[in-house]
Amino acid sequence: MAKTASREGNALTESEEVFEKAADLFRVMSAPMRLRIISALCNGEKNVGELLAEIDTTQPNMSQHLNNLYQAGVLGKRREGVQIYYRIINDRVVTLCRSVCVQIASESD
């Protein structure tokens, strides 16, 4: 019986960890600006200037959201000269984002 309780305890811990990770991911994606950035990067990497041309915001605001996405493991970045290029490295985020946005758009019709 102790083995079963221990096994159940581990399963609960693993479940809680999954819920925590999911909540962290949803927290990262809770800002509309971050969803716009993810959408803009779906077709490939872009630098900050290219993102600013597509998304109406200030450079400091864009940089803050890019940093949040980078720190959360959603985006990767590389430097080329003075430019920093961002790209999506977590494809699950793109899948989730598209799924939710398509569902919301279809309900709006």
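Which charged end sits over the ring of Tyr70? Here are some notes on that and a few other spots.

1. The charged end is that of Lys77, 4.3 Å from the centre of the Tyr70 ring. The rule here asks for NZ of Lys or CZ of Arg within 6 Å of the ring centre and within 35 degrees of the ring normal. A second case is Arg78, which lies over the face of Tyr85 at 4.7 Å from the ring centre.

2. A word on the basis: this is a predicted model, where local features need pLDDT of at least 70 and side-chain atom pairs count only at pLDDT 80 or more, while totals for chains, interfaces and linings use all residues. Residues are numbered from 1 along each chain as its sequence is written, and side-chain values use heavy atoms, with hydrogens and water left out.

3. On the overall fold, the chain has 5 helices and 3 strands, in the order α-α-β-α-α-β-β-α along the sequence. These are DSSP runs numbered from the N terminus: helices are H or I with at least four residues, strands E with at least two.

4. Of the 109 residues in the chain, 26% are buried (under 20% relative accessible area; exposed is over 50%, partly exposed in between, with a 1.4 Å probe and protein chains only). Among contacts (heavy atoms within 4.5 Å) between residues at least 6 apart in sequence, 48% join residues at least 24 apart.

5. Do look at helix H2, residues 32-40, where Met33, Arg34, Ile37, Ile38 and Ala40 are buried. Seen down the axis of H2, these buried residues fall within an arc of 165°, so they line one face of the helix. The arc is taken from the directions from the helix axis to the C-beta atoms.

6. Leaving aside neighbours within four places in sequence, Arg78 is in contact with Glu45, Gln83, Ile84, Tyr85 and Arg87. Glu45 is 33 residues away along the chain, with 9.6 Å between the C-alpha atoms. The side chains of Arg78 and Glu80 are joined by a polar contact of 2.8 Å (N or O atoms within 3.5 Å; within protein, one must be able to donate a hydrogen and the other to accept it, and residues adjacent in sequence count only if both atoms are side-chain atoms).

7. Finally, Asn47 is in strand S1, residues 46-47, and counts as buried at 9% relative accessibility. A polar atom of the Asn47 side chain lies 2.8 Å from the backbone nitrogen of Glu50.
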